Amino acid sequence: MTAPHDPPTRWWSRPVRVITAIEIGLAATATVVMFLCVLLQAAQRYLPFDGFTWTGELARFCLVWLTFVMAGVLVTMEGHISLEVIDLVKNPLVVRFVRVFACLVVAVVGAGFAVEAYDLMVSTGRLRSPSLRLPMSWFYALPMLGFLSTAIRATVAAVRFAVHGAPATPAHSVVGAE
């Protein structure tokens with residue numbers, strides 16, 4: 001039985017879950033690679049030869065990728081940074097308006113950042129990172145996908161809140177994928 005604010009299961013439920021799993025998998029991979037790079041950096045201090053310069057660069061890249069790949073997932077799961085003080089307001093129309101407005105702001109910012117990340121992908125074609133020699137256009141691919149995911153997911157959440165209202169308490173489940 002679904003609560004009054006929950007829409008019925010939709011056809012897009014499975015694809016949303018698959019995309020979410022892919023994004024979480026990318027983030028988990030970035031976390032593991034970052035951990036291993038930092039571990040290798042620490043071990044290099046005690047080795048008799050020069051260290052690998054690429055470990056620090058890759059660890060920083062993984063931190064960026066982890067941050068931006070998970071942004072959309074956090075919006076969908078309502079795990080992003082937010083002020084939940086509005087949830088204490090008794091008027092459901094005010095809560096609905098604020099939640100929709102907040103999601104729309106996140107969607108616009110996510111779309112703007114996705115456009116900028118795409119522009120950086122296109123404009124940095126010949127640039128390479130100093131140690132890894134990774135094309136910088138590849139570096140911006142994951143942030144662009146993360147921002148695009150954030151914009152789409154925030155737009156879906158805004159529509160859902162506008163149509164069905166905001167849940168009484170934060171759901172901590174995938175919004176739009178019931």
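How many aromatic pairs does the structure hold?

1. The structure holds nine aromatic pairs, a pair being rings of Phe, Tyr and Trp (its six-membered ring) with centres within 6.5 Å, where planes under 30 degrees apart count as stacked, over 60 as edge-to-face and the rest as tilted. This is a predicted model, in which local features need pLDDT of at least 70 and side-chain atom pairs count only at pLDDT 80 or more, whereas totals for chains, interfaces and linings use all residues. Residues are numbered from 1 along each chain as its sequence is written, and side-chain values use heavy atoms, with hydrogens and water left out.

2. The rings of Phe68 and Phe147 are tilted, because their planes stand at 45°, with the centres 4.8 Å apart. This pair links distant parts of the chain, 79 residues apart, with Phe68 in helix α2 (residues 54–69) and Phe147 in helix α6 (residues 141–164); helices (H or I, at least four residues) and strands (E, at least two) are DSSP runs, numbered from the N terminus.

3. Phe68 is partly exposed at a relative accessible area of 27%, while Phe147 is buried at 11%; buried means under 20% relative accessible area, exposed over 50% and partly exposed in between (1.4 Å probe, protein chains only).

4. The rings of Phe139 and Tyr140 have centres 5.0 Å apart and planes at 75°, so this pair is edge-to-face. Phe139 is buried, at 9% relative accessibility, and one aromatic cluster is formed by Phe61, Trp65, Phe139 and Tyr140.

5. As for the overall fold, the protein has six helices and zero strands, and of its 178 residues 36% count as buried.
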